[in-house]
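Please take me through this structure in a viewer, saying at each stop what to select next and what is to be found there.

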Amino acid sequence: MNKKILVIIPAYNEENNLEGLIKSIKSLGNPNLEFIVINDCSSDRTAFVCKSLDIPVVNLPCNLGIGGAVQTGYKYAYHHHFDIAIQVDGDGQHKPQYIEDIIQPLLEDNADLVIGSRYIKKEGFQSTFLRRVGISYFSKLLLFLTGQLITDPTSGFRACNRKVIELFAKRYPVDYPEPESIMYLKRNSLRVFEIPVTMEHRANGVSSITSLKSVYYMIKVSAAILIDKFRKELV
């Protein structure tokens, strides 16, 4: 296998989580695996931690939010000619031990995007009740619009091939991007596949998604998915 593989790690105020995450990725011992932290203008010591541990990092000059941070990673992957890109959150919820499983359908050319799903085997951290309600809602909405059941449409633990890297480098949703990006790929007849994973509670710090933001999330993402459904252009 000579594929160039990049792990994209969006990070906002993750000073206490990055060192352990990077050690876990390095412990995989995959010589084709590189990683980059996208520091989304953190107000804590995230930039200092990356510099002191010699972690490859892009320090954004302003806070772009999760969509902008992740798209920065895809632009990096595209312009540095990576064949596969993997999203791994900087908060320690995603287990690098599943990286080999997530990229396997891409290596076998059986998928364009592979999602790590908590809800196939329903093991490990399942998120809060309110978020599970939202996840179930988006799963049903995408099933209705695309005909494919995506059990974990909000999972940010995902990998994609070069074709999707190029698309995401050009266009990626800004706010809460995962469900909308699935609609975008399905509309363009790309293959989305899920594999079972388990996730952990956030290792340190707090999530930026509050209850109030969750309501905004439901409304905004629903509208974005419906609008995207009727777009005709490729990007």
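Predicted model: local features only at pLDDT ≥ 70, side-chain atom pairs only at ≥ 80, totals over all residues.

Contact, as the word is used on this tour, means heavy atoms within 4.5 Å.

Select arginine 118 first, which lies in the loop that runs between strand 5 (113–117) and helix 5 (129–146). Is this arginine 118 buried or exposed? Its relative accessible area is 8%, and because buried means under 20%, arginine 118 counts as buried.

Now show the surroundings of arginine 118: leaving aside neighbours within four places in sequence, the residues in contact with arginine 118 are Glu123, Phe125, Gln126, Ser127, Ile135, Asp152, Thr154, Ser155, Val197 and Met199. Among these, pick out threonine 154, whose side chain is joined to that of arginine 118 by a polar contact of 3.4 Å.

Next, go to arginine 162, which is 44 residues from arginine 118 in sequence and 25 Å from arginine 118 in space, C-alpha to C-alpha.

From there, select helix 6 (residues 162–170) together with helix 7 (residues 178–187), whose axes come within 12 Å and cross at roughly 120°. That angle is why helix 6 is described as oblique to helix 7, and the crossing in which helix 6 passes helix 7 is right-handed. To see where the two meet, display Val164, Leu167 and Phe168 of helix 6 with Ser181, Tyr184 and Leu185 of helix 7, the residues that make the contact. Coloured by class, the contact of helix 6 with helix 7 shows 5 nonpolar residues, 1 polar residue and no charged residues.

Note on methods
Residues numbered from 1 in each chain as written. Heavy atoms only, no water. Helix = DSSP H or I, 4+ residues; strand = E, 2+ residues; numbered from the N terminus. Buried < 20%, exposed > 50% of the residue type's maximum accessible area, 1.4 Å probe, protein only. Polar contact = N/O pair within 3.5 Å; in protein donor to acceptor, adjacent residues only side chain to side chain. Axes fitted to C-alpha atoms, helices over the stretch in contact; angles between N-to-C directions. Parallel < 35°, antiparallel > 145°, perpendicular 65-115°, else oblique. Left-handed = near helix turned anticlockwise from the far one by under 90°. Nonpolar A, V, L, I, M, F, W, Y, C, P; charged D, E, K, R; others polar.
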